[in-house]
Amino acid sequence: MQPSLPNRAIEWREQCLFLLDQRRLPLTVDFLRLKTPQEAFAAIKQMVVRGAPAIGITAAYAVVLSAQQHSVSNMTDSELQSLKTLITADIDYLALARPTAVNLAWALAHMQQIVDGCSAVDATGLCLALEQAAVQMQQADVIANRRMGELGAAYIKKGSAVMTHCNAGALATAGYGTALGVIRAAHAQGKLSCVFANETRPWFQGARLTAWELQQEGITTQLLADSAAASAIQQKAIEWIIVGADRVAANGDVANKIGTYALAVLARYHGKKFMVVAPDSTIDMATSSGADIEIEERAASELTELNGTAFAAPKVAAWNPVFDITPADLVDVLVTNRGVIEAPNQAKIEALMA
Ligand code: MRU
């Protein structure tokens with residue numbers, strides 16, 4: 001029998017972090033139990049957990065693991081200060097796990113504020129404050145996704161087909177999803193005829209994760225090779241291309257999974273609409289434009305091997321940037337939990353974030 005999607009990909013229980021191992025989906029549903037920030041760092045880097053909001057939430061729990069790891073009972077005031085210094089060092093280290101999704105830095109900055117501002121007199125109080133902050137972050141993400149789902153679905157006309165890229169679903173967030181949240185809401189309103197899901201080379205988030213999530217919702221889905229997207233947009237009745245984001249710069253430029261930019265260009269050329277769905281934790285007012293966003297480059301082996309088996313020309317060099325930048329001009333609608341911006345630009349985003 002096909003395994004079903006667990007309620008959550010990230011679970012905090014027994015003072016440990018449990019992560020659904022997304023590398024093994026959809027064939028195997030298996031949770032890893034993490035006890036240290038070092039294990040959480042590795043899980044983010046190795047894509048056990050992926051997707052901008054999910055990475056941020058994982059990092060927040062990693063800070064709780066750090067506090068637990070370094071705590072001893074009956075700490076003096078100066079030992080408590082040293083504990084805070086050790087947690088801060090772990091926060092700096094966790095920030096290096098992946099560079100592009102700003103949710104990682106955003107979540108860690110929030111946890112750092114709790115560390116700095118916490119008036120607890122002992123380690124237990126500090127651990128508790130951090131745990132509460134991480135749990136709240138996880139809960140708030142689902143609420144934000146549901147809100148964006150409603151806001152985005154209002155743009156979808158009855159009978160529409162849509163296209164999505166990568167996985168911006170429950171697996172990439174605390175639940176429900178950003179782009180898939182809009183698709184879920186539109187489906188619940190009976191508006192969708194079909195979702196075209198791009199396979200998303202080289203890691204196959206679309207084929208393995210998005211198609212699986214959509215199947216479990218009973219949403220009519222067609223899987224596409226990335227290179228078939230242009231023909232689908234040209235020939236099928238696709239009204240909207242709907243994607244998530246790893247970082248939205250202050251001017252509205254969007255970093256998202258490699259291939260997103262090409263879809264935005266295709267949408268504009270063919271008169272289709274392009275929607276980006278992202279919570280305010282993904283909007284980075286400190287980065288003025290997409291040119292300032294660091295694009296992660298991953299190992300060539302992700303292109304030259306499949307499940308550990310080499311298939312490309314032996315020793316061929318490979319370039320593997322895993323995100324690209326879509327200029328704000330190509331975005332028709334930016335849906336956030338704070339509201340919707342049509343034709344986003346710096347002034348509109350500043351007003352939204354004020
Ligand atoms: O490399 P990944 O799988 O972490 O990339 C994920 C994406 O690009 C998603 O589209 C993005 O994080 C939005 S998730 C709600």
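Contact here means heavy atoms within 4.5 Å. The buried residues of H4 pack against H1, H2, H3, helix H5 (123-153), strand S8 (247-249) and strand S11 (283-284). Those buried residues are Val102, Asn103, Leu104, Ala107, Leu108, Met111, Gln112 and Val115, where buried means under 20% relative accessible area, exposed over 50% and partly exposed in between, using a 1.4 Å probe and protein chains only. H4 has 16 residues and reaches 22 Å from its first C-alpha to its last, close to the 22 Å expected at 1.5 Å a residue; the expected span is 1.5 Å times one less than the number of residues.

A word on the source: this is a predicted model, where local features need pLDDT of at least 70, side-chain atom pairs count only at pLDDT 80 or more, and totals for chains, interfaces and linings use all residues. Residues are numbered from 1 along each chain as its sequence is written, and side-chain values use heavy atoms, leaving out hydrogens and water.

Now for the rings. The structure holds 3 aromatic pairs; rings of Phe, Tyr and Trp (its six-membered ring) pair if their centres lie within 6.5 Å, and planes under 30 degrees apart count as stacked, over 60 as edge-to-face and the rest as tilted. One of them is Trp12 with Tyr61, stacked at 5.2 Å centre to centre with 10° between the planes. Trp12 sits in strand S1 (residues 10-13) and Tyr61 in helix H2 (residues 52-70), so this pair ties together parts 49 residues apart in sequence. Trp12 is buried at 14% relative accessibility, and Tyr61 is buried at 1%.

Phe41 and Tyr93 also stack, at 4.4 Å centre to centre and 15° between the planes. Phe41 is buried at 15%, while Tyr93 is partly exposed at 27%.

Finally, the cysteines. A search of the whole structure finds 0 disulfides, a disulfide being a pair of cysteine sulfur atoms within 2.5 Å. For Cys118, the nearest cysteine sulfur is that of Cys127, 9.5 Å away. Cys118 is buried, with a relative accessible area of 16%, and Cys127 is buried at 14%.

Key: Helix = DSSP H or I, 4+ residues; strand = E, 2+ residues; numbered from the N terminus.
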